[in-house]
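Colleague: I'm new to this one. Please walk me through it, and expect me to keep asking how you know.

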Amino acid sequence: MKLGRKHVKTDSRTLKLGKYLKDGLPAPPHAKDWTNGIEHWGMMLNHIHGDCTIAAAAHAIQIWSINTKREITLADERILHYYEKWDGFDPSNPKTDGGGVELDVLNNWQKTSFDEHKLIAYADPVFSNLEEIRQAIHLFGGVYIGLSLPTTAMKQEIWDVVPHGGDDAKPGSWGGHAVFVPKYDAHTFTCITWGQLKTMTVAFWKEYVDEAHALLSHDWFKERGAPSGFGLSELKADLDSIHKKPVLKA
């Protein structure tokens, strides 16, 4: 099991999901599951390389495809191609196998495409606002997140906070990881990682998740349309003007 999510990168121009969730939008359901009963999702080379930022994006495509037409699983050579292209991996230099930055992956995806799968935009829910997170999963098939995993999570069947875990329970003591989350209920969230479904408690989410991105897939919107109560036109207008603003990064 490899990790590979580097530092959290922010950009003042990033769209905020909450702006486009209108007053008439119903609350998200108490539970949502876009996995269609599938348990095995493919490693996407994340057992060999620290390519979790690419693997998580590929798992998103799987979720969107099984809920629109038919499952699409990208071949390993395509995963490797984008790990090289977007995260800077050089197969001839093992030192470059250090993972990637989620925001860089999403910006590249939005500018071009991920093996012909286009990203209209991404808009960030507040990762600590579980209502926004659940709404993002409900509306868009899932949410692309980053975690600073603790060492205590390494052998847990269900990721949960370990009270009095000491240094092993500190965020990032294991490392940073990117996953796609297509399922939730009142007490847990479930992500796809290392080819399997992995459940985490709400307490674990609150302690270790440190970024979240709602992905607006062209494939998803083409087949399902824009959700009622979501300001897609306003989002597109904001997206058109976004490049006119100065870049402020942290």
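Modeller: One term first: a crossing is right-handed if the near helix is turned clockwise from the far one by less than a right angle, and left-handed if anticlockwise. In that sense, H1 passes H3 in a right-handed crossing. Before we go on, this is a predicted model, where local features need pLDDT of at least 70, side-chain atom pairs count only at 80 or more, and totals for chains, interfaces and linings use all residues. Residues are numbered from 1 along each chain as its sequence is written, and side-chain values use heavy atoms, leaving out hydrogens and water.

Colleague: What makes something a helix here, and where are H1 and H3?

Modeller: Helices (H or I, at least four residues) and strands (E, at least two) are DSSP runs, numbered from the N terminus. H1 covers residues 52-66, and H3 covers residues 102-111.

Colleague: Why are H1 and H3 called oblique?

Modeller: Their axes cross at roughly 50° and come within 9 Å. Under 35 degrees would be roughly parallel, over 145 roughly antiparallel, and 65 to 115 roughly perpendicular, with the rest oblique. An angle of roughly 50° falls in the rest, so H1 and H3 are oblique to each other. Thr53, Ile54, Ala57, Ile61 and Trp64 of H1 make the contact with Glu102, Val105 and Trp109 of H3; contact means heavy atoms within 4.5 Å. Six of these residues are nonpolar, one is polar and one is charged.

Colleague: How do you know how H1 and H2 lie to each other?

Modeller: H2 is residues 76-87, and it packs against H1 at about 125°, with the axes 9 Å apart. At that angle the pair is therefore oblique too, and the crossing of H1 and H2 is right-handed. Thr53, Ile54 and Ala58 come from H1, and Ile79, Tyr82, Tyr83, Trp86 and Asp87 from H2.

Colleague: What makes H4 largely enclosed?

Modeller: Buried means under 20% relative accessible area, exposed over 50%, and partly exposed in between (1.4 Å probe, protein chains only). Nine of the 11 residues of H4 (130-140) are buried, so the helix is largely enclosed by the rest of the structure. The buried set includes Leu130, Arg134 and Phe140.

Colleague: What happens at the two ends of H4?

Modeller: At the start, a side-chain oxygen of asparagine 129 reaches to within 3.1 Å of the backbone nitrogen of glutamate 131. Just after H4, glycine 141 takes a positive phi of about 90°.

Colleague: Is arginine 5 buried or exposed, and how do you know?

Modeller: Arginine 5 has 7% relative accessibility, under the 20% limit, so it counts as buried. It sits in the segment before strand E1 (15-16). Its side chain joins that of glutamate 211 in a polar contact of 2.7 Å. Such a contact is a pair of N or O atoms within 3.5 Å; within protein, one must be able to donate a hydrogen and the other to accept it, and sequence neighbours count only if both atoms are side-chain atoms.

Colleague: Where is serine 148, and what does it touch?

Modeller: Serine 148 lies in strand E5 (143-149). Leaving aside residues within four places in sequence, its contacts include Arg5, Pro171 and Tyr208. Its relative accessibility is 15%, so serine 148 is buried as well.

Colleague: And what is lysine 111 called, buried or exposed?

Modeller: Exposed, because its relative accessible area is 68%, over the 50% mark. Lysine 111 is in H3.

How values were computed:
Axes fitted to C-alpha atoms, helices over the stretch in contact; angles between N-to-C directions. Nonpolar A, V, L, I, M, F, W, Y, C, P; charged D, E, K, R; others polar.
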